[in-house]
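Biologist: I have not looked at this one before. Can you take me through it?

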Amino acid sequence: MVYAGNGIVTGDAKAAFERALTHAPRHFKARYFLGVAAQQDGQGAAAATIWRGMLADARPDSPW
């Protein structure tokens, strides 16, 4: 959905990522794109909080 939206996390895409987190709360791709959505909505601090949480939960050998 994000690719189809030219990199914009649309409302539908955001809802899909939020649903993914209800099934897998640590789903990294969903969390990443919810951070992108926050950044695109002008909520830079919220995006940073999401991404810092991802880093805290990541394994040391994570490729990103």
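Predicted model: local features only at pLDDT ≥ 70, side-chain atom pairs only at ≥ 80, totals over all residues.

Biologist: How do the axes of H2 and H3 cross?

Modeller: Helix H2 covers residues 28-40 and helix H3 covers residues 44-57; their axes come within 7 Å and cross at roughly 160°. H2 is therefore roughly antiparallel to H3, a term for angles over 145 degrees. Helices here are DSSP runs of H or I with at least four residues, numbered from the N terminus. Axes are lines fitted to C-alpha atoms over the stretch in contact, and angles run from 0 to 180 degrees between N-to-C directions.

Biologist: Is that crossing left-handed or right-handed?

Modeller: The crossing of H2 and H3 is left-handed. That term means that the near helix is turned anticlockwise from the far one by less than a right angle.

Biologist: Which residues of H2 and H3 meet there?

Modeller: From H2, they include Phe28, Tyr32, Leu34 and Gly35, and from H3, they include Ala47, Ile50, Trp51 and Met54. Contact means heavy atoms within 4.5 Å. The residues of the contact of H2 with H3 divide into 10 nonpolar, four polar and two charged. In that count Ala, Val, Leu, Ile, Met, Phe, Trp, Tyr, Cys and Pro are nonpolar, Asp, Glu, Lys and Arg are charged, and the others, Gly among them, are polar.

Biologist: What does Ile50 touch?

Modeller: Ile50, which lies in helix H3, is in contact with Arg31, Leu34 and Gly35, leaving aside neighbours within four places in sequence. Ile50 counts as partly exposed because its relative accessibility is 26%. Buried means under 20% relative accessible area, exposed over 50%, and partly exposed in between, with a 1.4 Å probe and protein chains only.

Biologist: Now H1. How do the axes of H1 and H2 cross?

Modeller: The axes of H1 and H2 come within 9 Å and cross at roughly 140°, and this crossing is left-handed. Lys14, Phe17, Glu18, Ala20 and Leu21 of H1 make the contact with Ala30, Arg31, Phe33, Leu34 and Ala37 of H2. These divide into seven nonpolar, no polar and three charged.

Biologist: Which residues make up the largest nonpolar core?

Modeller: There are eight: Val2, Val9, Ala13, Phe17, Ala30, Leu34, Val36 and Ala37. H2 gives the most to this core, with four residues. A nonpolar core is a set of buried Ala, Val, Leu, Ile, Met, Phe, Trp, Tyr and Cys residues joined through side-chain atoms within 4.5 Å.

Biologist: And what does Val9 touch?

Modeller: Not counting residues up to four places away in sequence, Val9 touches Val2, Lys14, Phe17, Phe33, Val36, Ala37 and Gln40.

Biologist: Where is Asn6 found?

Modeller: Asn6 is in the segment before helix H1 (11-23). Asn6 has a positive phi of about 55° although it is not a glycine. Most residues other than glycine have a negative phi.

Biologist: Buried or exposed? I mean Asn6.

Modeller: Asn6 counts as exposed because its relative accessibility is 72%. Gly7 is also found in the segment before H1, and Gly7 is partly exposed, with a relative accessible area of 35%.

Methods
Residues numbered from 1 in each chain as written. Heavy atoms only, no water. Helix = DSSP H or I, 4+ residues; strand = E, 2+ residues; numbered from the N terminus. Parallel < 35°, antiparallel > 145°, perpendicular 65-115°, else oblique.
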